[in-house]
Amino acid sequence: MGLSDWLADYDPSDITIATAASHSSLQIFHGAKKMGFKTLALASGDRDLRYYDAYPLATPDEIWRFEDWSELPKRAEELRERNTIIVPHGSLIEYMGTGAFAAVEVPVYGNRHVLEFESNRDKERAWLEAANITMPKEVSDPKDIVEPVIVKYHGAKGGKGFFIAKNYHEYKRQIQEGEPHTIQEFVMGTRYYLHYFHSRLDNDGFVVHSGLQSDGANQADATPVHGSLEMLSIDRRDESNIDELNRIGSIKELQEAGIDPQFVVTGNIPMVIRESLLPKVFQMGEGVVKESYDRFGGLWGPFCLETIVTPDLEFKVFEISARIVAGTNPFVQGSAYSEMIEPGLSTGVRIAKDILKGAKEGKLDVICT
Ligand code: AMP
């Protein structure tokens, strides 16, 4: 049994869109309901979900609660009987674990195998660098720290525990011994989290060709075409406590007082980027998509490049999220960019539109795995 067997029994006019009750679920359900789908929230334990009642246009039709996320795969048949398509987000993958999520026997919107590339730093770097993207330098020996670095623990979620060090002494003072981590150049600049959407079903607008020039620029006459690429919105994460530390003193003064900056995401701020940077924004998005087909069968649906723009107007990309990011949440009513594609086009609506088109054209197998 695989995707084509599951979909063979699906009624395309009666699809349920399911996701975990957190992260960007309000937006996903809002978009799904707007496009006429049934909606199902998946939750564990006794998590308080009354906040859904406050937003009637995004309230899921049904909520399933599990004692533990390991129960979800056991209810795959029941989910398929409801013609369910799971829309993944960061929290769902975190709750279930990448391996368990990849094995769930229910159609998943997007390429579920990409998540393995996203969670493996070496695979991620190889993919992005092959797409002509510049990433921050890595320092393999902490004794070689001569410029500010950011130290990231593997598997740490939402920036928890990350710290800045300007030399070996500062590294030694803060490192949790024995915890696997990466030491990365701390890039000085301004952060932009770019929210893309790649549809395999649409071939209009900014078209993604499979052949790119070596500098990543589009080769207009190249064939075949992979589909279209949109850049729907941009945010900047608000991170506690780093983003407001300057309210009480310089980082140096605070560190002397024993207060270290932290990078825990607490919210998101809408952004726009200077227009002259848009060609590069699209080149990077196109390069990532094109390279994903060469490496693992494609990345489609929503994805995000997490970037820092230096004073030389160069992008350094420190992360890719190969699914919807919570930074799209400020744009339930659309963004300065999506408004020029279609009024009110949130990422949640965009996902639902892609699924609707797939259902109508009998192409759910093209957009699900
Ligand atoms: P990440 O978990 O990799 O998304 O990183 C969490 C946060 O740390 C980001 O949102 C940035 O604010 C910051 N950050 C990550 N990598 C870098 C870098 N190389 N230089 C500067 N800041 C960074």
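This briefing walks through a ligand site and the strands around it. Keep in mind that the model is predicted. The ligand sits among 17 surrounding residues, and the protein buries 96% of the 480 Å² that the ligand exposes when taken alone. Strands β5, β7, β8, β10, β12 and β13 each give two or more residues to that shell.

**The ligand and its shell**

- Of the 17 residues around the ligand, the closest are Gln184, Val187, Tyr193, Glu239 and Glu319.
- Glutamine 184 brings a polar side-chain atom to 2.9 Å from a ligand nitrogen.
- Valine 187 works through its backbone instead: an N or O atom there lies 2.9 Å from a nitrogen atom of the ligand.
- Over at glutamate 319, a polar side-chain atom lies 2.8 Å from an oxygen atom of the ligand.
- Sorted by class, the shell has 9 nonpolar, 7 charged and 1 polar residue.

**The β6-β5-β7 sheet**

- Three strands make up this open sheet, in the order β6-β5-β7, with antiparallel pairing.
- β6 (163–165) and β7 (181–185) are the edge strands, each with a single partner, so one side of each has no neighbour in the sheet.
- From one strand to the next, the twist averages 30 degrees.
- On one side, β5 (residues 149–153) is joined to β6 by 3 bridges, and valine 151 stands opposite phenylalanine 163 in β6.
- On the other pairing, 5 bridges join β5 to β7.
- Isoleucine 150 stands opposite glutamine 184 in β7, and that glutamine is the one with a side-chain atom 2.9 Å from a ligand nitrogen.
- Although β7 is an edge strand of the sheet, 4 of its 5 residues are buried, so the rest of the structure largely encloses β7.

**β12 and its partners**

- β8 pairs with β12 in the antiparallel sense over 9 bridges, and histidine 198 has glycine 301 in β12 as its bridge partner.
- β12 also runs antiparallel to β13, with 6 bridges joining the two; here valine 309 is partnered with phenylalanine 315 in β13.
- β12 and β13 form a hairpin with 5 residues between them.
- In the turn of that hairpin, leucine 313 has a positive phi of about 60 degrees.
- β8 (190–199), β12 (301–309) and β13 (315–321) are among the elements that give two or more residues to the ligand shell.

Conventions:
Residues numbered from 1 in each chain as written. Predicted model: local features only at pLDDT ≥ 70, side-chain atom pairs only at ≥ 80, totals over all residues. Heavy atoms only, no water. Pairing = 2+ DSSP bridges. Axes fitted to C-alpha atoms, helices over the stretch in contact; angles between N-to-C directions. Near = heavy atom within 4 Å. Polar contact = N/O pair within 3.5 Å; in protein donor to acceptor, adjacent residues only side chain to side chain. Areas by Shrake-Rupley, 256 points an atom, 1.4 Å probe, with all protein chains shown as cover. Nonpolar A, V, L, I, M, F, W, Y, C, P; charged D, E, K, R; others polar. Buried < 20%, exposed > 50% of the residue type's maximum accessible area, 1.4 Å probe, protein only.
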